[in-house]
Amino acid sequence: MTTVCNQIFGMAIRGLAIFTLAMSASACVSDGENLIVDQSSTTSGMQAAAVPGASAGGLRVVVELPPPIKGEDGTVQQITPNDVLEIDVFQVDQLDRTVEVDSDGNISLTLIGQIEAAGNSTSMLEHKIALAYGRKYLQSPQVSVFVKESAGQRAVVNGEVNKAGIYPVTAGSSLLGVVSQAGGLSNIADASKIYVYRNYGNQKLVAQYNVARIRAAKKKDPPIYGGDVIVVFASASKVIMRNLLDVTRVAGSAALLVP
């Protein structure tokens, strides 16, 4: 099903008629979610050029995307269900474990049983595990938690790339790296029309990047975080706010299909 959705996205970008092709894309999402855009409801904001400062439909164009808002302990990444974690208890090798966070967000550890992991950063979970072991079993335990595989740290790549899809990202992922994971730009892609969408608190932000300038070291290669959506437009396309809004609705729906 993911392959079918990716084909629809490519067609939509090439024709810049996603609001029409969304009728086909709706077969890729759950019944009851309508991706068809009513052209009669067009507003001047949605027809505006997609320049920094422009906004429409809850989407705002910015020059550079800020990092995602950090958690209370200053970290970005939170543990999610299906993440695989490595637990290391210093000098107590018998307690070291590689565990998967279950669908309820919990992990199970020797002696202390279940602990809620999802929603915590690694440092928060380290503290919780150390407290649990320290209550009965160990004196001043030192616990380290590493995210070996993160189900929640993925980015969607769509449009004029050779292998549209959903790709894992890490703390060191960048725009060029993720585009490379997606097989690079297609032969009709416009290297200057690459848009990255990011949730920032209760806002939805998007910024335009030019990978040709990044490759020439004229611009910094921006970091990519889990939850980002990258969309590459064709060279012949004219990008306005409506295009950006319609693309992100279809791309966001596809992300929901991936388990």
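Here are some numbered notes on the predicted model shown above.

1. **Ground rules.** This is a predicted model, in which local features need pLDDT of at least 70, side-chain atom pairs count only at pLDDT 80 or more, and totals for chains, interfaces and linings use all residues. Residues are numbered from 1 along each chain as its sequence is written, and side-chain values use heavy atoms, with hydrogens and water left out.

2. **Confidence.** The average pLDDT (the predictor's confidence in each residue, from 0 to 100) is 76 for the protein, and 70% of the residues score at least 70. Over residues 1-44 the pLDDT is below 50, and this stretch has 63 contacts (heavy atoms within 4.5 Å) beyond near neighbours in sequence. At residues 252-259 the pLDDT also stays under 50, with 13 contacts beyond four places in sequence.

3. **Overall make-up.** You will find 7 helices and 12 strands in the protein; these are DSSP runs numbered from the N terminus, helices being H or I of at least four residues and strands E of at least two. Of the 259 residues, 43% are buried. Here buried means under 20% relative accessible area, exposed means over 50%, and partly exposed lies in between (1.4 Å probe, protein chains only). Among contacts with a separation of 6 or more, 59% link residues 24 or more positions apart. The protein exposes about 13,300 Å², and carbon and sulfur atoms supply 51% of that area; the areas come from the Shrake-Rupley method with a 1.4 Å probe, and for residues only the protein chains shown count as cover.

4. An open sheet is formed by 3 strands in the order 4-3-7, with antiparallel pairing; two strands pair if DSSP finds at least two bridges between them. Strand 4 (97-100) and strand 7 (143-149) each have a single partner strand, so one side of each is left without a neighbour in the sheet. From one strand to the next, the twist averages 25 degrees. Strand 3 (residues 84-89) pairs with strand 7 over 6 bridges, and Leu85 stands opposite Val147 in strand 7.

5. **A helix on that sheet.** Helix 4 (residues 122-136) packs on the sheet and touches strand 3 and strand 7; its direction makes about 135 degrees with that of strand 7. Axes here are lines fitted to C-alpha atoms, for helices over the stretch in contact, and angles run from 0 to 180 degrees between N-to-C directions.

6. **Two backbone angles to look at.** Most residues other than glycine have a negative phi. Ser140, in the loop between helix 4 and strand 7, has a positive phi of about 50 degrees although it is not a glycine. Ser140 is exposed, at a relative accessible area of 62%. Ala217 also is not a glycine and has a positive phi, of about 65 degrees. Ala217 sits in the loop between helix 6 (211-215) and strand 12 (229-234) and is exposed, at 69%.

7. **The nonpolar cores.** A nonpolar core is a set of buried Ala, Val, Leu, Ile, Met, Phe, Trp, Tyr and Cys residues joined through side-chain atoms within 4.5 Å. The largest has 23 residues, and Val157, Ile224 and Ile230 are among those with the most contacts inside it. Strand 10 (189-200) is one of the elements giving two or more residues, and strand 10 gives the most, with 4. Apart from this core lies another, of 21 residues, including Ile87 and Ile129. Beyond four places in sequence, Ile230 touches several residues, including Val157, Leu175, Val196 and Ile224.

8. **Strands 8 and 9.** Strand 8 and strand 9 pair in the antiparallel sense over 4 bridges, with Ala155 and Tyr167 as bridge partners.

9. **Two buried loop residues.** Gln153 is buried at a relative accessible area of 16%; its C-alpha lies 9.9 Å from that of Ile224, which is 71 residues away in sequence. Ser186, in the loop between helix 5 and strand 10, is buried at 12%. Leaving aside neighbours within four places in sequence, Ser186 contacts Glu160, Val161 and Asn162.
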